[in-house]
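The structure is shown first.

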Amino acid sequence: MKRWLVLVLFALACSREHPVTATSSAAPIDDDTPQDGGTLIRRLDIDVPTVNPVLATSRFDRYVANYVFTPLVYFDINLEPMPGLAESWKLSDDGRIYTFKLNKKATFSDGTPVRASDVVFTLRKIVDPQSEAVQIAGGFEQLDLTKTRAVDDATVEVAFREPLASQLIRFNDVLVLPEHVYATGDFKNDFNDKAVGSGPYKLVRKEAGKEIVLQRRPDYWAKKPYLDTVIFKVVIDTNTAWNALKRWDIDETILQSDIWMREHTNRALASKVDFRRFYTLNYNYIAWNERDPLFADARVRRALTTCMPIDSIINDLYHGTARAMSGPFTPDEWAYNPEVPVIRYDPQAAKRMLASAGWLDSNNDGVLDKDGKPFRFDLLIMSGTSTTMQLAQTMQAELKNIGVAMEIVVLEGSVAIQRILGGQYSAAYLSWDLDPDPDPFGIFHSSQFPPRGQNFVFYRNPVTDALLERGRTELDPTKRKDLYHQAHAQIAQDQPYTWLFQVSSKWGVSKRVHGVNISRGYGLFLWYPGEFDWWIPRDQRVHDRAAH
């Protein structure tokens, strides 16, 4: 889903001029020299319903879009902004107007040049409520379209009603669309299976539930990636994906902790699989829909959190490769408040909290009730991993012990996400990928209920709203840190989520793939050059036939 770390010297970072990397293609000399060509097969954990980047709803949509579209601003390996479509930028003295100079060589896959008017068109679509751009619209809440304009074909001024400390990184979400293509027809339905972008690859075909095939553009205007073809295959089950990786049927997959622990020291796999483990900006949580009367009371939500045996789950399900969370910021983020404690397992305390909220077993049937209504609800989980099911079953058993009846509902990922964004659920087990800046406005401010934003738990607290409003506009790093420490404490007190843990990412990558590097915070993907530096030696190109 969405992502956040830190741009400490915001104003300075915005005002620097950045040269674009020149195009180069060196011929292979030895085993350490990248070789051009070849086919990579990547895994999609869930199907991608659309390749329209404005309508993206999950990280998997962006995995695909990153090849087909070039963002206005890339992140480098340290998650600092660097040139994308924009070769340079500057910020006005009042912090309200960004002036971007586009690379004049940039073209779309239909051969037309990228113009500043395309940037303005894309921004209009992002903030148009009819687009329902829930993934990215929150980052442009303060956009002033009346003053945003194309100065000339290569210069665009983007104006905001007020300066925001996190604004520059939001331009990484601006995957520019060609207006002459996307202004025709039905924007929400006509571009789910076709795309015209300015990225290094073009979409060849998209087969729902099966695969997406991308082909490198021979006319790409910047540094060309090495791989000729990238195929995304939908493989929902993690065990199936692991077996496919061992056979080299796919080239990368995230791994469950039990597979990691069992296999990462397996000498028989040393020549087949490169194992990687790292923390990224993410966390796992239970979302409580506060429009469901069961979860409207913070005491109830806190009681349910108290029933989660966090330490046992981390040790038993994740083999110690995760860490407990206390709120909306991870321990590696500067916004994290170390004074906020993790809520520990205490079922007796949970019973007392529920009783104080009026939940008692008045008819002795083993299920708590209030005003004649039993405490029963469904937990949505996404199909594909046994670890998720084990966690849900653990939660189910613990809640049963205190008189709460929970049913587990398993849905395919894209279906689950659509239901959750539509508010059609009671509780769900989810995870966030976070941005390099820790601004959580889009998921916790009361103005960000879907379809405008991603506050799909419908959390509302005027104190939190004020802290988040001040935090995103405060340019002094020390003052901003204090505001987010306060927000951390307040949101944790309210428990709109049950924060569970930050699981370290464990990946397997085919040993035939070279050039794989890791960004602290983002891991393998979505930073530059990242996946664009991957290459495969000619004598190990086992997938080339699959592209045709």
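Predicted model: local features only at pLDDT ≥ 70, side-chain atom pairs only at ≥ 80, totals over all residues.

## Nonpolar cores

The largest nonpolar core has 117 residues. Its members that touch the most other members are Leu-72, Phe-100, Phe-171, Tyr-182, Tyr-283 and Phe-456. Leaving aside residues up to four places away in sequence, Leu-72 is in contact with Gly-84, Leu-85, Ala-86, Phe-100, Leu-102, Val-119, Phe-171, Val-174 and Val-176. Another core, of 39 residues, lies apart from the largest one and includes Leu-294, Met-308, Leu-399 and Ala-427.

## Helix 14 and helix 15

Helix 14 spans residues 462-473 and helix 15 spans residues 477-494. Two packed helices are described by the angle between their axes and the distance between the axes. For helix 14 and helix 15, the axes come within 9 Å and cross at roughly 155°. Angles over 145 degrees count as roughly antiparallel, and helix 14 and helix 15 are therefore roughly antiparallel to each other. The crossing of helix 14 past helix 15 is left-handed.

On the helix 14 side, the contact is made by Val-463, Thr-464, Leu-467, Leu-468, Arg-470, Gly-471 and Arg-472. They meet Arg-480, Leu-483, Tyr-484, Gln-486, Ala-487, Gln-490, Ile-491 and Asp-494 in helix 15. By type, the residues of this contact comprise 7 nonpolar, 4 polar and 4 charged.

## Cis peptide bonds

The bond from Pro-450 to Pro-451 is a cis peptide bond with omega near 5°. Pro-451 belongs to the loop between helix 13 (441-444) and helix 14.

Tyr-528 and Pro-529 are also joined by a cis peptide bond, with omega about 5°. Pro-529 is found in the segment after strand 21 (505-510).

## Positive phi outside glycine

Asn-364 is not a glycine, yet its phi is positive, at about 55°. The loop that holds Asn-364 runs between helix 10 (347-356) and strand 15 (369-370). Is Asn-364 buried or exposed? With a relative accessible area of 68%, Asn-364 is exposed, the cut-off for exposed being over 50%.

Phe-458, likewise not a glycine, has a positive phi of about 55°. The loop between helix 13 and helix 14 contains Phe-458; Pro-451 is in the loop between helix 13 and helix 14 as well. The relative accessibility of Phe-458 is 9%. Buried means under 20% relative accessible area, so Phe-458 counts as buried.

Technical notes: Residues numbered from 1 in each chain as written. Heavy atoms only, no water. Core = buried A, V, L, I, M, F, W, Y, C linked by side-chain atoms within 4.5 Å. Buried < 20%, exposed > 50% of the residue type's maximum accessible area, 1.4 Å probe, protein only. Contact = heavy atoms within 4.5 Å. Axes fitted to C-alpha atoms, helices over the stretch in contact; angles between N-to-C directions. Helix = DSSP H or I, 4+ residues; strand = E, 2+ residues; numbered from the N terminus. Parallel < 35°, antiparallel > 145°, perpendicular 65-115°, else oblique. Left-handed = near helix turned anticlockwise from the far one by under 90°. Nonpolar A, V, L, I, M, F, W, Y, C, P; charged D, E, K, R; others polar.
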